[in-house]
Amino acid sequence: MKYLKLYEEFVLQELEDEYNIELDLHDNGDYMSLSKLIVAPGDRKGGVGTEVMNKICKYADEIGRDIYLTPDTTYGGTSKSRLESFYKGFNFKKKPKHDFKNRETMVRYNEKLEDQEDEKLSKIRHYHGAVQDLDDWLRSKIGETNPYKD
C-alpha cells in the first residue's frame, strides 16, 4: 500500500528549548499556520512572546510565507481581544472574507509580497492618472467637460 505524505511540517521547533515555550508552527509549503504558542506562566509579560513572534515573522518573510492563526484562550491567554491586539503588533489583521486558504481568523501577509503588490498598485494608479489627464486635456480641446470628475 502506498502512503501519500502531505507536505506539512513543524518549523522553528528549536525555539521551544531556547525560550522554554510550546510551539506548533506548521509550514504547508504555501503558508504557515501558528496553532499554538504557550509561554510559561513565570515568563509571561517578560517579552518572551514578543521575541518569539519577531523570530517567526522574520523567518516567514525570509522564506516568503504568510502566517495564519486564530487567537484563543485555550492555552492560557487571558482574553481573545488581548491576544488579537498582541498579534496586530506584528501586522496581523482580520482575514479578508475572500481569503479561503484555511479557517484561521487572522493573517499576516508576507511583507515582500505586499511590497510587490503595492508597487503594482502604484503603477496602475499612475497609469490611471495619466489616462485621466489625457482625457481631461482632450475634453478641454473640444470644449467638453468631464461629468464624472469632482
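This is a predicted model: local features need pLDDT of at least 70, side-chain atom pairs count only at pLDDT 80 or more; totals for chains, interfaces and linings use all residues.
N102 is in contact, once its neighbours within four places in sequence are left aside, with Y31, Y68 and K95; contact means heavy atoms within 4.5 Å. Residues are numbered from 1 along each chain as its sequence is written, and side-chain values use heavy atoms, with hydrogens and water left out.

Back to N102. This residue is found in the loop between β5 (93-94) and β6 (106-108). Helices (H or I, at least four residues) and strands (E, at least two) are DSSP runs, numbered from the N terminus. N102 counts as buried because its relative accessibility is 17%; buried means under 20% relative accessible area, exposed over 50%, and partly exposed in between, with a 1.4 Å probe and protein chains only. The side chain of N102 reaches the backbone nitrogen of E104 at 3.0 Å.

Now the whole chain. It has 4 helices and 6 strands, and along the sequence they follow the pattern β-α-β-β-α-β-α-β-β-α. Of the 150 residues in the chain, 31% are buried. Among contacts between residues at least 6 apart in sequence, 49% join residues at least 24 apart.

Next, the core. A nonpolar core is a set of buried Ala, Val, Leu, Ile, Met, Phe, Trp, Tyr and Cys residues joined through side-chain atoms within 4.5 Å. The largest one here has 24 residues, and those with the most contacts inside it are I21, L23, L34, M53, I56 and F92. Which elements give two or more residues to this core? They are α1 (14-19), β2 (21-27), β3, α2, β4 (66-69) and α3. The largest share, 6 residues, comes from α2. As background, nonpolar side chains in soluble globular proteins tend to be buried together.

Take F92 from that list. Leaving aside neighbours within four places in sequence, F92 is in contact with M53, C57, I67, L69, Y87, M106, V107 and R108.

L15 is in helix α1. With a relative accessible area of 4%, L15 is buried. Beyond its neighbours within four places in sequence, L15 is in contact with N20, I21, L23, V52, K55 and I56. L15 and V52 are 37 residues apart along the chain, and their C-alpha atoms are separated by 7.4 Å.

The side chain of E51 makes a polar contact with the side chain of Y19 at 2.8 Å. A polar contact is a pair of N or O atoms within 3.5 Å; within protein, one must be able to donate a hydrogen and the other to accept it, and residues adjacent in sequence count only if both atoms are side-chain atoms. E51 and Y19 are 32 residues apart in sequence and 9.1 Å apart in space, C-alpha to C-alpha.

K36 lies in strand β3. Is K36 buried or exposed? K36 counts as buried, because its relative accessibility is 17%. Its side chain makes a polar contact with the side chain of E22 at 3.4 Å. Apart from neighbours within four places in sequence, K36 is in contact with E22, L23, D24 and Y75.

Phi of L12 is near 60°, and phi of N20 is near 55°. Most residues other than glycine have a negative phi. L12 is found in the loop between β1 (9-10) and α1, and N20 in the loop between α1 and β2. L12 is buried, with a relative accessible area of 13%.

The largest pocket has a volume of about 650 Å³. Of the 27 residues that line it, the closest to its centre are L37, V39, G77, L83 and Y87. On a 1 Å grid over the protein atoms alone, a pocket is an open set of points where a 1.4 Å probe fits, with protein on both sides within 12 Å along at least five of seven lines, and lining residues have an atom within 4 Å of a point. Grid points are joined across faces, edges and corners, and the volume is the space filled by probe spheres set on the points.

The elements that give two or more residues to the lining are β3 (31-39), α2 (48-63) and α3 (80-88). β3 gives the most, with 6 residues. The lining divides into 11 nonpolar, 10 polar and 6 charged residues. Here Ala, Val, Leu, Ile, Met, Phe, Trp, Tyr, Cys and Pro count as nonpolar, Asp, Glu, Lys and Arg as charged, and the others, Gly among them, as polar.
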